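Hi,

Here is the structure I promised to pass on to you. Have a look at it first, and then read on for what turned up.

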Amino acid sequence: MAPFTAPGWQLLLIVPAVAPAVAAGVVARVRYGSAQANALFASLVRWRVAPIWYLAAIGGPVVIALTASVVTTWLHLPHDLPVPQGGRFALAITALVSSLLANPWEEVGWRGFALPHWQQRYYALAATLIVGMLWSLWHLPIFFWIGNPIESYPFFPWLVGAIAGAVVYTWLYNSTAGGLFPVTLFHVAFNTAVVVIGGISRSAGDGANPRRAGDCRSFWAGPLGPA
């Protein structure tokens, strides 16, 4: 595989991120018709929800990242997501843009399509565990990408953290009557927060996204110059 830091390969990370939305859109159109497929994507921009859910979607990730950073410092744990040194604003913009390009399409497939279908057959928790497991396995190839910051990261602790995160996503999705907008907002805010705040150990913040941190730092250090 090409070096993870190659800018061209960084951009290719958008392709697998879009795949869940494409698959969900095709299946929805074939099985339920164009109206249902259009409704699937329309839920991504259905922003009229109670303000408390915006607070949860934006404030929650910041609190999680700050807590993990504090625990890391307090317990003198190794920094698997180091504190950014200079260029923090540029890093924040890069993290935000890369997350906005990728995360919404993930959520269309996993939470917008897969989750409600599994919830028709099982209770919310069981459906969440199934979707969380599939969602985690979908990330598995990243662990074999040479030079990727997550390459040396143990998969099982990451898997536990990802499934725990899936519980939060389901809570937001069900609490907003199937609104993908706050779910996507949480996803984007979380990936951005862990990169910008940094200083997080895998032991303190399993489920924090070192892959996204590596994406942003290597992309910023590549075509756009040093951070």
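Predicted model: local features only at pLDDT ≥ 70, side-chain atom pairs only at ≥ 80, totals over all residues.

Helix 2 itself covers residues 14-32, and its 27 Å from first to last C-alpha is close to the 27 Å expected. There is also a kink of about 25° in this helix, centred on Pro 20. Pro 20 is one of the buried residues of helix 2, along with Ala 17, Ala 21, Ala 24, Gly 25 and Ala 28. Their packing partners are helix 3, helix 5 and helix 6.

Helix 7 (residues 155-175) is also followed by a positive phi, near 55°, at Ala 177. Its end C-alpha atoms are 30 Å apart, which agrees with the span its 21 residues should have at 1.5 Å a residue. The buried residues here include Trp 158, Gly 161, Gly 165 and Tyr 169, and the buried set packs against helix 4, helix 5, helix 6 and helix 8.

In one of them, the ring centres of Trp 53 and Trp 171 are 5.1 Å apart with planes at 75°, so the pair is edge-to-face. It links helix 4 to helix 7, across 118 residues. Trp 53 is buried at 17% relative accessible area, whereas Trp 171, at 45%, counts as partly exposed.

Finally, Trp 135, Tyr 169, Phe 186 and Phe 190 form one aromatic cluster, and the charged end of Arg 111 sits over the ring of Trp 135, 4.4 Å from its centre.

Best wishes

Definitions and conventions
Residues numbered from 1 in each chain as written. Heavy atoms only, no water. Helix = DSSP H or I, 4+ residues; strand = E, 2+ residues; numbered from the N terminus. Expected span 1.5 Å × (residues − 1). Buried < 20%, exposed > 50% of the residue type's maximum accessible area, 1.4 Å probe, protein only. Contact = heavy atoms within 4.5 Å. Bend = angle between axes of the 7 residues up to and from the residue. Phe/Tyr/Trp six-rings, centres within 6.5 Å; stacked < 30°, edge-to-face > 60°. Lys NZ or Arg CZ within 6 Å of the ring centre and 35° of its normal.
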